[in-house]
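I opened a new structure today and kept notes as I went. Each entry records what I looked up and what came back.

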Amino acid sequence: ERESQYDFVIVGGGTSGLVVANRLSEMSDVTVAVIEAGDSVLNNSNVTSVTGYGRSFGTAIDWQYQTEDQKYAGGSKQIMRAGKAIGGTSTINGMSYTRAQNVQIDSWESLGNKGWNWQSLFPYYMKSEGFQVPTQDQISFGADYYSDYHGEHGPMKVGWPKFLTNSTVLPALDESFNHLGVPYNRDVNGGLMVGLTSHPNTIDSEANVRHDAARAYYWPYQSRPNLKIISNTHANKIIWGNDSDGDAVAIGVEVNNINGKQIIHASKEVILSAGSLKSPALLELSGIGNPDILNKYDIPVKVNISTVGENLQDQTNNGLSYEGKEFWLGSPTFSALPSADQLYGESFYTIASNVNSSLADYAETIANSSNGALKASNLLAVFQVQWDLIFRSKVPFAEIVFLPIAHTFSVEYWPLLPFSRGSIHIKSADPSEPAAINPNYFMFEQDLTTQSDVAWYIRKVFGTRPLADLVGDERSPGLEHVPENASDSTWNSWVKANYRSNFHPVGTASMLPRNKGGVVNTDLKVYGTKNVRVIDASVLPYQLCGHLTSTLYAMAERASDLIKRRYTF
Ligand code: FAD
């Protein structure tokens, strides 16, 4: 049995993990190892192709986690995709680069995460970004930006695809949305996201290939002698030494690969970056979690944190499509991000007040379904923040993605801030066994209604000229399935029969004060441990209005600085 020793051992060479590996290995006197279950995808054309979205789904580089039966959503299971590769989910994702609404990040601080706010995170969005100023040609096709919002010197290339969609689409969308009271937003990446926009992607515009975490943060730095990726290797659990000052001390990680089991020793820290559907399971396998769950599998309790794996939040995605009257070429990057008042018009106040009066019920229901692992009072505090964001700050309420391609104009959409909460927990002490993943999609009638309301709104958008002139018949759902004046229940049935995961799971090891249900503190350190952190989508305490990678890059950049500060004095 071989053994090896590094200062920092990072579990998961994905979106967040590679940022941390890169930044920590800038300290030339420390060694960094990254344990990654997947392999290099540098030359995998399903990854590199900028028009290949979806091609890697179901292949060896997709974990394709299966959920439990979704009892509020028609009963069937869902697939939650995630990348299994050097680069993680950034190698299979949709490449959209949108950040968050400023007040949303500020609310992290107001819930007790001192130091985490828009102003403190913004420089890290810039630091990670290598913005590629669009060409005159791209600008004439709709690429637009404010240079103040972008960093041009960071590793992650951000820009527009080489071939953008016909220049007639964006003006038509703009005029139609103007009639509906939704403004044009030249650049959603400055913290104000509401409106119609043509957002950039994580893409190398010059080479016309996907820019993922590995291409940005690892491959150009692979020759650093103090940075090592141990690929095709599955991490099983953390190995503990003797406690220090009552805190658990990690001394390494047990891994499994073609050579069998071995321990990778960590003399300074173990950092979990295995993603929000894996990091909480690794904590449980290591004895950090809810004793009721750990006891079931005879795992000794190292730290009692009952909220590990709770708070799982994803969004739900449905699609509509229309017959196109034009022929569209090139890659579309158009999204509309209407706020709730724009979407609901006169019903806004009724909905706001109905939701407000349900918050206590939601909190109670979720606390009960967690068997007491979550406290209703903590959930209520978060729900009140969420309500304020939606109905008072009027952050974007839904994202609508427009995909005019060839002879079809399709749309994907997802409400951004659902109230449903689920969980992910181990089902066995065997690390190779899958976990029980239960997002509880449409746990609350309100989330289902919202999903239907947005579809109804999209129909209205496509019925508004001049956009209406660009399309013919609605193909999906189609008026034969969901007629013009369909009832709520018809819409709801369509939603449930056709929805999918939006692949944005967060919250399963939330950054919050411990007495408010947190798993990690503001240094992203796991409570009750001396030297274990979680740095990935698990720590986002709740859903964002942007796509996740930009914020994960920024968060991992900031976390790396916090760690470095500790070791460079
Ligand atoms: P990951 O990037 O998933 O990294 C986790 C890594 O850990 C993986 O490499 C994994 O193989 C490894 N790992 C897991 N378990 C183990 C283990 N036991 N041992 C060793 N290694 C392990 N976001 C956007 O910003 N824009 C988009 O357009 C977009 N579209 C998306 C489309 C899809 C299909 C999906 C799935 C996601 C999309 N997202 C998008 C979301 C975004 O990509 C993810 O939220 C983000 O990449 C997650 O980063 P992470 O660091 O949390 O985890």
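I started with Pro466, which sits in the loop between helix 13 (445-462) and helix 14 (467-470). I noted that this is a predicted model. I checked the peptide bond from Arg465 to Pro466 and found it cis, with omega near 5 degrees.

I then went to Pro477. This residue lies in the loop between strand 21 (471-476) and helix 15 (488-498). The bond leading from Ser476 to Pro477 is also cis, and its omega is near 0 degrees.

**The chain as a whole**

I stepped back to take in the overall fold. The chain holds 16 helices and 23 strands. I looked up its extent next. Along the principal axes, the C-alpha atoms fill a box of roughly 70 × 50 × 40 Å.

I asked how much of the chain is buried. Of its 569 residues, 63% count as buried. I also looked at contacts between residues at least 6 apart in sequence, and 73% of these join residues at least 24 apart.

The surface came next. The chain exposes about 21000 Å², and carbon and sulfur atoms supply 48% of that area. I counted charges too: 44 are positive and 57 are negative. The mean positions of the two sets are 5 Å apart.

**Helix 12**

Which residues of helix 12 are buried? I listed Asn378, Leu379, Val382, Phe383, Val385, Gln386, Trp387, Leu389, Ile390 and Phe391. I kept one general point in mind: an α-helix has 3.6 residues a turn, so residues three or four places apart point the same way.

I followed the buried residues of helix 12 to their partners. They pack against helix 3 (102-110), helix 10 (340-344) and helix 11 (348-369). After helix 12 comes Lys394, and its phi is positive, near 55 degrees.

I looked up Asn311, in the loop between strand 15 (303-304) and strand 16 (316-328). Its phi is near 65 degrees, a positive value in a residue other than glycine. Buried or exposed, I asked of Asn311? Asn311 is buried, because its relative accessible area is 9% and the cut-off for buried is under 20%.

Leu524 was next. I found it in the loop between strand 22 (500-501) and strand 23 (532-534). Leu524 is not a glycine, yet its phi is positive, about 60 degrees. Its relative accessibility is 0%, so Leu524 counts as buried.

**Met193**

I ended on Met193, in the loop between helix 6 (169-179) and strand 7 (195-198). Met193 counts as buried because its relative accessibility is 0%.

What does Met193 touch, leaving aside its neighbours within four places in sequence? I wrote down Thr98, Arg99, Ala100, Gln101, Asn185, Val188, Leu337, Pro396, Cys545 and Gly546. I also checked Asn102, 91 residues from Met193 along the chain. The C-alpha atoms of Met193 and Asn102 are separated by 8.7 Å.

Notes
Residues numbered from 1 in each chain as written. Predicted model: local features only at pLDDT ≥ 70, side-chain atom pairs only at ≥ 80, totals over all residues. Heavy atoms only, no water. Helix = DSSP H or I, 4+ residues; strand = E, 2+ residues; numbered from the N terminus. Buried < 20%, exposed > 50% of the residue type's maximum accessible area, 1.4 Å probe, protein only. Contact = heavy atoms within 4.5 Å. Areas by Shrake-Rupley, 256 points an atom, 1.4 Å probe, with all protein chains shown as cover. Lys, Arg positive; Asp, Glu negative; His and termini not counted. Charge placed at Lys NZ, Arg CZ, Asp CG, Glu CD.
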